[in-house]
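Welcome! Take a moment with the sequence and the model, and then read on for a short tour.

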Amino acid sequence: MIPFFRKKGRGVEVVARHPHQAPPHLHDSLECFLVESGSFELAVSRQIYHMEAGDFAILYPFVPEL
């Protein structure tokens, strides 16, 4: 599962879920990914990053996730 942070109102939401393929989108807040097990492909600004267990990524606001 991959925990991530999501702005929700004035607070922060932490969610753990299984990887999925999402359509291209933008976020208006910081988003963090931690790969707990297995591997994950993260596409950001036309770049694909291969992530393994233990890898952590920070996605800045208004950067397209493709």
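## The end of the chain

F62 sits in the segment after β6 (56–59), where strands are DSSP runs of E with at least two residues, and helices are runs of H or I with at least four residues, numbered from the N terminus. F62 is exposed, with a relative accessible area of 57%; exposed means over 50%, buried under 20%, and partly exposed in between (1.4 Å probe, protein chains only).

The phi of F62 is positive, about 60°, although this residue is not a glycine. Most residues other than glycine have a negative phi.

## How to read this model

This is a predicted model, in which local features need pLDDT of at least 70 and side-chain atom pairs count only at pLDDT 80 or more, while totals for chains, interfaces and linings use all residues. Residues are numbered from 1 along each chain as its sequence is written, and side-chain values use heavy atoms, with hydrogens and water left out.

## The overall picture

The protein has 0 helices and 6 strands, giving the pattern β-β-β-β-β-β along the sequence. Of its 66 residues, 24% are buried. Among contacts (heavy atoms within 4.5 Å) with a separation of 6 or more, 41% join residues 24 or more positions apart.

The accessible surface comes to about 4800 Å², and carbon and sulfur atoms hold 58% of it. Such areas come from the Shrake-Rupley method with a 1.4 Å probe, and for residues only the protein chains shown count as cover.

S45 is found in the loop between β4 (39–44) and β5 (47–52). Its phi is near 50°, a positive value in a residue other than glycine. S45 is partly exposed, at 37% relative accessible area.

## A pair of rings

How many aromatic pairs are there? The count is 1. Rings of Phe, Tyr and Trp (its six-membered ring) pair if their centres lie within 6.5 Å; planes under 30 degrees apart count as stacked, over 60 as edge-to-face and the rest as tilted. The centres of the F33 and F40 rings are 5.9 Å apart and their planes are at 25°, so this pair is stacked.

Are these two residues buried or exposed? F33 counts as buried at 7% relative accessibility, and F40 counts as buried at 11%.

## A nonpolar patch

L30, L34, F56, I58 and Y60 make a nonpolar surface patch of about 480 Å². Patches are made of residues with over 30% relative accessible area and no salt bridge, with nonpolar side chains (Val, Leu, Ile, Met, Phe, Trp, Tyr) joined within 5 Å and like charges within 9 Å. A salt bridge is a side-chain nitrogen of Lys or Arg within 4 Å of a carboxyl oxygen of Asp or Glu.

One of the patch residues, L30, lies in the loop between β2 (11–17) and β3 (31–34). L30 counts as partly exposed at 41% relative accessibility.
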